[in-house]
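Hi everyone, thanks for coming. Let's take a friendly walk through a structure that may be new to you. Please have a look at it first, and then we'll go through it piece by piece.

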Amino acid sequence: KEVNMKYLKYLFMLIMLFSIDVYADNYSVDFNKKGKLNITLTDKEENKAIEGAELTLYKIANVSEKDYHLFYEYVDKITCNASLDNLESSTLTNEINSCLNDDIIVTKKITNKDGIVLFDNLELGLYLVKQTNKVKGYSTINSYLITIPKVVDNKFTYEISSKPKTDILRLIDINVKKIWNTPLSNKNDKENLPQYIEVGLYKDNELISKIKLNKDNNWSYTWEDLEKSDNYDIIEINVPKGYTATYEKIDNTVVITNTKTLVQTGNNNYLALIIGLFGVTFIMLGIFYNLKVKNEQGI
């Protein structure tokens, strides 16, 4: 019985030692290791890879460990009042962004055709990921923080895959161009054009932007980086008196043609009255002339 108890005691001690080793391996940081960060960018709607995005990685803070807890301290070249005690703070990324300076060591890479960049051989610590260029037709990602190592399934991992949670939207440019259609015979038409016109950009029947077109901007304008949608409309506001507006859409360009109204509707009655008066006058003159001729001839 005594032998069995000693045996069980030694067995229990071996199990405990083994458990401590496993626990230490899983829950203690190996500061001799280097990290890897794999980032993938895709758009929100089509899940299409975004090629050509420049992602810049900033080393923000070094990391240390005590009692299986990680503590972060800013690198020497960053002076920042933002506390690193709570990395989940919604304002921390913006606060750190404002503390960046040209002396901070950065690494820049461009996403490949699959929308991927790989940063490797990274020292352990806290990093800021920031997109530092713009890919035509897409919005940029919001900057975000990432730690190396990172706790995954209750253990530290040094190779991290990241897909920014912020939605990357497909963007488009919308163009508007004004054409004046006036009689060529009127040499003063160009001089008599309005100084400007106002054009409204509507989305879902709501006015979201209003701009002026004039000769200084060649009667044209481009709204850039709008969220892709089929619900945009462009309407001329207060068409100048004496003109009618027609619209033609070609891809993302709307051409507004203002045609000179030769005879305005409101003046038709006035013009008819003048013509009628002239007609009556000629008839009366004809009658008086005939009477005069007859009198002279004694008829």
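Let me begin with a rule: a disulfide is a pair of cysteine sulfur atoms within 2.5 Å. How many disulfides does this rule give here? The count comes to one. Before we look at that link, a word on what is on the screen: this is a predicted model, where local features need pLDDT of at least 70, side-chain atom pairs count only at pLDDT 80 or more, and totals for chains, interfaces and linings use all residues. Residues are numbered from 1 along each chain as its sequence is written, and side-chain values use heavy atoms, with hydrogens and water left out.

Now, the disulfide. Cys 80 and Cys 99 form it, with their sulfur atoms 2.1 Å apart. The link of Cys 80 and Cys 99 is right-handed, with 60° about the S-S bond. Where do the two cysteines lie? Cys 80 sits in the loop between strand 3 (69–74) and helix 2 (92–97), and Cys 99 in the loop between helix 2 and strand 4 (106–110), so the pair ties together parts that are 19 residues apart in sequence. When I say helix or strand, I mean DSSP runs, numbered from the N terminus: H or I of at least four residues for helices, E of at least two for strands. Are these cysteines buried or exposed? Both Cys 80 and Cys 99 are buried. Buried means under 20% relative accessible area, exposed means over 50%, and partly exposed is in between, using a 1.4 Å probe and protein chains only.

Let's move to strand 2 (residues 54–66), which is where Lys 59 lies. Lys 59 counts as buried, because its relative accessibility is 12%. Which side chains does the side chain of Lys 59 contact? One is that of Asn 62, in a polar contact of 3.0 Å. Another polar contact, of 3.3 Å, joins the side chains of Lys 59 and Glu 123. A polar contact here is a pair of N or O atoms within 3.5 Å; within protein, one must be able to donate a hydrogen and the other to accept it, and residues adjacent in sequence count only if both atoms are side-chain atoms.

Strand 2 also has a partner: strand 2 and strand 3 pair in the antiparallel sense over six bridges. Two strands pair if DSSP finds at least two bridges between them. In this pairing, Lys 66 stands opposite His 69 in strand 3. Strands 2 and 3 form a hairpin with two residues between them, and Asp 67 in the turn has a positive phi of about 55°.

Three strands form an open sheet in the order 5-1-10, with mixed pairing. Strand 5 (116–122) and strand 10 (159–162) stand at the edges with a single partner strand each, so one side of each is left without a neighbour in the sheet. Strand 1 (residues 35–40) pairs with strand 5 in the antiparallel sense over five bridges, and Thr 40 has Ile 116 of strand 5 as its bridge partner.

A second open sheet has four strands, in the order 14-11-17-16, and its pairing is mixed too. Its edges are strand 14 and strand 16 (243–250), each with a single partner strand, so one side of each has no neighbour in the sheet. Inside it, strand 11 and strand 17 (residues 253–260) pair in the parallel sense over seven bridges. Asn 181 stands opposite Thr 259 in strand 17.

Last topic: the rings. Searching the whole structure finds three aromatic pairs. For Phe, Tyr and Trp (its six-membered ring), rings pair if their centres lie within 6.5 Å; planes under 30 degrees apart count as stacked, over 60 as edge-to-face, and the rest as tilted. Trp 180 and Trp 219 form an edge-to-face pair, 5.3 Å centre to centre with 80° between the planes. Trp 180 lies in strand 11 (residues 171–181) and Trp 219 in the loop between strand 13 (206–213) and strand 14 (220–227), so this pair ties together parts that are 39 residues apart in sequence. Trp 180 and Trp 219 are both buried. Ring pairs link Trp 180, Trp 219 and Tyr 243 into a cluster.
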